[in-house]
Amino acid sequence: MPARLLLPADDLYARLEVPVDASAEAIEIAWRALLRRHHPDVAGPDGLAAATAINVAHDWLSDQDLRARYDRERGIRTHAGRGAWRDVGGPVRPGVRTRPIVRKPLDRKAALAAFLDRVARLTADELDRLDCAGVTPIAFVASIERFLSADQLAAVAAAEADVKSRLPKASWRRPHVRDAVVGAALELVLGEFLDEHLDEPFRGRVRERLTRGWDAAVGQRRYGPAGADVEALIRRLERLTPAELRSLAATGTSEALGEEPWPADTTPEDDEALRVSSVLASRDVARVIGGDSLDRPSLERARRAAGRLAHLVVLRSSYPASEWERLTRPWRPLLEGNARRPAASVRRR
């Protein structure tokens, strides 16, 4: 049985100059940046002790099991948001697509200018999709700021200011919109630095996280490929009779709905664009459910049921026909009534 490693007595996070909730990628960047500063080839013989301490800290904090043991035995507690970003340091999830590093020269100044021009032309639907995107880890950039040069810090600040000037004020105040757009901008601004300090799979995961929201929202139809079906459903829901509303509410209990279903070959984490389409469609259909014929609890149940139906409509092409029929059975009268109802404008925010 291998000997159990002795727990280092000092603060490993302080050694690497990172916060205790630093991501695996931030730890890699800190390790490389500090080694370049303290390596004996640069700092001389006096740098040997510092370089050794930096390597020991990296050995512990880059290993998930050792880091968990160190945190536990040192009594280190972290906030709830830590896990979502630290998961990126683990094995690559099946089905998650990360783009390879672009090795050919890239005119980043021109690319950033084109990106900012696109920000200024975002449509209302694209902004709504960005608002439904997952959290972009902007805090990651803050955790590596001390390793950036003065010019790089100035470029980061300038990019954020440029994004702010091109987004509508109301959109800038929407955290998911702001962070998704800023994250994509910072991928362009810090691309060379990240290429230099991160190997795969770390580099690909940082790129995927910083650009995930932008890629899932921009250039997409409001509800994705199922847009026409979702809009037909909204028109149908706008015309529900009081009796139909009560029937819809009866299907909106927690027991009836159960956990939100996803096709067997994908997950919300694997396909952000599909997840955004589902969230936005569910949000929109819930807004058209109203009226004075239901009490508040029944109204909330009706909205939950309508949201679940919209979710299934968005994912319809990903299900086998028999499975989709089974999942939507409680709402077959609504779906079958789509073709018989006259068209009307779709309410949007």
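**Exercise 1.** Over the ring of which residue does the charged end of R178 sit?

*Solution.* The model is predicted, with local features requiring pLDDT of at least 70, side-chain atom pairs counting only at pLDDT 80 or more, and totals for chains, interfaces and linings using all residues. Residues are numbered from 1 along each chain as its sequence is written, and side-chain values use heavy atoms, leaving out hydrogens and water. A charge sits over a ring if NZ of Lys or CZ of Arg is within 6 Å of the ring centre and within 35 degrees of the ring normal. The charged end of R178 is placed over the ring of W172, 5.8 Å from its centre. R316 likewise lies over the face of W324, at 3.9 Å from the ring centre.

**Exercise 2.** Determine how the rings of Y13 and Y70 are arranged.

*Solution.* Rings of Phe, Tyr and Trp (its six-membered ring) pair if their centres lie within 6.5 Å; planes under 30 degrees apart are stacked, over 60 edge-to-face, and the rest tilted. The whole structure holds 3 aromatic pairs. For Y13 and Y70, the centres are 6.1 Å apart and the planes stand at 55°, so this pair is tilted. Together with W60, Y13 and Y70 form one aromatic cluster.
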